[in-house]
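Colleague: I am new to this structure and would like to know what stands behind the words used for it. Please set each value against its definition.

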Amino acid sequence: MTKSQTQMRREILELPVAVDRLLTHGEPEIARAADVLRDHDPAYIVSVARGSSDHVATYFKYATELLLGIPVASVGPSVASVYKRQMALKNSACISISQSGKSPDIVELARMATAAGSTSIALTNHADSPLVQVSDFTLDIHAGAELSVAATKTFVNSAVSAIWLLAKWSKDADLEKAIKNLPQALERAVQEDWSDLRKAIGTRNSLFCLGRGPSYAISNEAALKFKETCQIHAESYSSAEVLHGPVSIVDQGFPVIAMAAHDAAEPALASVADEIAQKGGVVFSTSGLVKHATPLNVVRSGHALTDPIVMIAHFYAMVEKVAAARGINPDAPRHLKKVTETV
C-alpha cells in the first residue's frame, strides 16, 4: 500500500480479508441465531436500519423472501423514538443493522421490538454497543476498524452476515458454499477497473443506478456512494420503475449503471438497459445479455444471491477513483461524519 492511497481505497482492498475474518470467527453466533429462528418460525420479519445499513436490510429482505418465503418489512425508527408508539410484533423477528450500534433511534426501536416479544437480532461491528444490550442475539460482523466515512467493509460484512444467517436457517448447502468462496471472488473484484464507465461519467453531475430484486439494494448503495464520495446526484431505481417517469430526464450521454445479478430478473433488467441506451443514455451493465448497453467485466460468485456482494466490491473500487479524478477526498466528504446518531 502506498502513502498516496486514500483510506477508502485501503479499506476496499481489505474486503477479502475482512470477509475471511468473519467466516473464520462468526459461525457460532450465526448458527445459533439461525437455529433459534428456525425453531421460532416467525410469521414475518421487520428490519431496522439507516443509510448503507438500510441497503443491507433491503438485500436481506429480497433474499429472505426468495429463500424462505417470509415477508420482510422496513420499520421507521421514528415510530418508537419520536412518536413513542408500541407495535404488535408477536410471532415476528426483528433484524437491526448498525455498524456503530449507537444511533438512539435504531436502539429505541430494537428495544421496543424485544419488549414486544419479537426475536431481536443485532448486526453490528461493535459487540459492546447499546444496540447489543437491547437485542436478544448479536451477530458481530468482524469488519475490523473502518476509518473512512464511506462504509465499505461494514456494508459488505453486514451483507455477508445477513445472507449467511439465511443460508444456515434454510440449510442451503449451495449458498453456503458460495459464501465460503467470497474472499477469493472479492480479491479479484477489487482489482477491476471499470475505466470505460468512469470515463463515461466524466464531469456529468447526474446519473441513474438501476437494479431489480437483491441487486436493487446494490443500486441503492451505489447511488448513495456517488452522492457522498463524488458529489454526484445519483438516483437509484428498480428497472421495473425507471420507465414510468424518471427516464424522461435521460438526454444524450446521460450515464446509467444497471446492476444485474445472474438471476431470474437479469433478462428484464438487461432489456430496460438496452431501451435506455437506445434513447441516448450511455448505459453500462453487469449483465452480458445486453445488446445496446455496454457490458462490464464482473466476477461471478457461484450463486445468484451472493453475486450482489461481489458486484458492490467492483463498484467501490471504481467510485473511489471517480472521486479522486474530481479532486474530492472520499475519506472526508463535506458535511458528513462517520457516525450519525439520529434521535
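Colleague: What makes both faces of strand 3 covered?

Modeller: Ser-92, Cys-94 and Ser-96 on one side are buried, and so are Ala-93, Ile-95 and Ile-97 on the other. Buried means under 20% relative accessible area, with exposed over 50% and partly exposed in between (1.4 Å probe, protein chains only). In a regular strand the side chains alternate between the two faces of the sheet. Strand 3, residues 92-97, is thus called mostly covered, with six of its six residues buried. This is a predicted model, where local features need pLDDT of at least 70, side-chain atom pairs count only at pLDDT 80 or more, and totals for chains, interfaces and linings use all residues. Residues are numbered from 1 along each chain as its sequence is written, and side-chain values use heavy atoms, leaving out hydrogens and water.

Colleague: How do you know that strand 3 pairs with strand 1?

Modeller: Two strands pair if DSSP finds at least two bridges between them. Five bridges join strand 1 (residues 44-48) to strand 3, and the two run parallel. Ile-45 stands opposite Ala-93. Five bridges also join strand 3 to strand 4 (residues 119-124), again in parallel, with Cys-94 opposite Ser-120.

Colleague: Why does the radius of gyration agree with a compact globule?

Modeller: The rule is 2.2 Å times the number of residues to the power 0.38, over C-alpha atoms. For 343 residues a compact globule would have a value near 20 Å, and the protein chain has 19 Å, so the two agree. Of the 343 residues, 57% count as buried.

Conventions:
Helix = DSSP H or I, 4+ residues; strand = E, 2+ residues; numbered from the N terminus.
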